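Please open the structure in your viewer and follow this tour one selection at a time. Each stop names what to select and then says what is there.

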Amino acid sequence: MTVTKRTVFHLITEVLIYAALVSVYLALVLHFLVGWLKELSTKEPAVYAAAAILLMIAQAVGLERVASTLVHVTRQRKG
Amino acid sequence: MYFPISGVHLDPIYLVLIGFVIGVLGGFFGVGGSFLTAPALFAAGLPMNYVVGTDLAHIVGKSIVAARTHRVLGNIDMKLAAIMVIGTIGGSEAGVQAIEVLKKGSHVELVVGTVSIVVFTGIALFCAWESWTALRLNQSKDQHRDPTQNRKQDVTAIDGFAKALQRIKLAPQVSLPHSGIESISFWAILFVSFIGGIFSGFLGGGAGYIRMPSMVYLLGIPTHIAVGTDLFEIIISASYGTIRHAMNGNVDIVIALVMQTGAALGARIGANLTQYFTGPRIRLAFAPLPLLGAIVIAQKLLTSHHP
């Protein structure tokens, strides 16, 4: 396999695994959080604001780590 | 999928795809991408006040991912970012207050939309003209250039503004060795970031569409460092804007979290791509993006009814 083909193959593999993980994450985690966040947004706007920013930062750091690990693992396995 | 916080139905795949595209562009150009996200969310049916706040929340997540990659590439001037944060937060607060005043008069969509069109069109035309001129200058210099020269060494067609601003000796003066600037007034940096902050709070997004070109043309920062530093600064300023808008009921965090899943991947790709392009090429590629945003907003305003 040429270097370009291998790079594209790695990228597609990473995106597919990432998409599968993210779909499960969205279906499970966000499904359970929606009701709680809706209640907070109407009754406790200050707590909602804090929860919103913390959730976003946690998700960004988490997904960044997942993406980095995927790149590392797929490239290591397939050479 | 129903999003109960804002009370709208949106396709989550559409949101992830917007996030991905904006992530690539944001990582590459150092902007929040609100010139595209805002019209895309507005066109999908999200009310404008939610568009502004939700977009800011999504930008926080995307910028964390992109800034981390730029930090590895050496594209962040931490000293510059620290000063800019002060001005941006002050400006952002002024912008948020302006939105609240407009909400009371129920003209928010018309005013924010019209201001966006004017600002986006102006930036697009200026960047296109300047970067095209800089590329032509670059081509004539290329004949005498060392082929091993660094891509990050920048050329701009207009360096008069930056030189004039650097000549203002209003204490305290600061040096930015990472950006190659010997001495510049603290107040000049604060002024540029304050203006960016006003746009961030008023129009939503991180206002990178104003700040990135301002850093290059007004402060004289090399494009690659302007991109990375802007992204780092956007994390702080957009976080502040998100909290302020969330407290005022303008953020649907669930929509932002769905978008960010696509943006996280796109931002990594975009940030890594910058190492293959020169400054003028990055700016030329940037030019049509704000114009596209202006066209979408204009189309939406023309087809909706206002009192």
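## A helix to begin with

Begin by selecting helix α9 of chain B, where 24 of the 25 residues are buried, so this helix is largely enclosed by the rest of the structure. Please keep in mind throughout the tour that this is a predicted model. Helix α9(B) covers residues 223-247, and from its first C-alpha to its last it reaches 35 Å, which is close to the 36 Å expected at 1.5 Å a residue. If you follow the helix along its length, you will come to a kink of about 30 degrees, centred on B:Ile234. Beyond the helix, select B:Gly249, which follows α9(B) and has a positive phi, near 75 degrees.

Next, select residues 48-72 of chain B, which form helix α3 and number 25 residues. The distance from the first C-alpha of α3(B) to the last is 36 Å, close to the 36 Å expected at 1.5 Å a residue, and a bend of about 25 degrees is found at B:Ser63. Because 23 of its 25 residues are buried, α3(B) is largely enclosed by the rest of the structure. After α3(B) comes B:Gly74, where phi is again positive, near 75 degrees.

## Across to chain A

Now colour the two chains separately and turn to chain A, which has two helices and zero strands. Of the 79 residues in chain A, 16% count as buried.

Where do the two chains meet? The contact takes 24 residues from chain A and 26 residues from chain B. On the side of chain A that touches chain B, the elements giving two or more residues are α1 (3-43) and α2 (45-78) of chain A, and α2(A) gives the most, with 15 residues. Sorted by class, this side of chain A has 20 nonpolar, two polar and two charged residues.

To look at one residue of chain A, select A:Ile53, which lies in helix α2 of chain A. Is A:Ile53 buried or exposed? With 21 other C-beta atoms within 10 Å, A:Ile53 is buried, since 20 or more are needed for that class. Leaving aside neighbours within four places in sequence, A:Ile53 is in contact with B:Val60, B:Ser239, B:Thr242 and B:Ile243.

For another residue, move to A:Leu33, which lies in helix α1 of chain A and is partly exposed, having 16 other C-beta atoms within 10 Å. If you also select A:Val15, you will find that A:Leu33 and A:Val15 are 18 residues apart in sequence and 25 Å apart in space, C-alpha to C-alpha.

## The nonpolar core

Which members of the largest nonpolar core touch the most other members? Of its 106 residues, they are A:Ala52, A:Met56, B:Leu219 and B:Ile253. Select B:Ile253 and display what surrounds this residue: not counting residues up to four places away in sequence, B:Ile253 touches A:Leu37, A:Ala52, A:Leu55, A:Met56 and B:Ala57.

## A hairpin and the loop before it

Return to chain B and select strands β3 (residues 173-176) and β4 (residues 181-185), which pair in the antiparallel sense over three bridges. Here B:Gln173 stands opposite B:Ser185 in β4(B), while B:Leu176 has B:Ile181 as its bridge partner in β4(B). The hairpin of β3(B) and β4(B) has four residues between the strands, and B:Gly180 takes a positive phi near 75 degrees.

Then step back to B:Pro172, which lies in the loop between α6 (160-167) and β3 of chain B. The peptide bond from B:Ala171 to B:Pro172 deserves a look, as this bond is cis, with omega near 0 degrees.

With 11 C-beta neighbours inside 10 Å, B:Ala164 counts as exposed.

Key: Residues numbered from 1 in each chain as written. Chains lettered and ligands numbered in written order. Predicted model: local features only at pLDDT ≥ 70, side-chain atom pairs only at ≥ 80, totals over all residues. Contact = placed C-beta atoms within 7 Å. Nonpolar A, V, L, I, M, F, W, Y, C, P; charged D, E, K, R; others polar. Pairing = 2+ DSSP bridges. Expected span 1.5 Å × (residues − 1). Bend = angle between axes of the 7 residues up to and from the residue. Buried ≥ 20, exposed ≤ 12 C-beta atoms within 10 Å, placed from the backbone. Core = buried A, V, L, I, M, F, W, Y, C linked by C-beta atoms within 7 Å.
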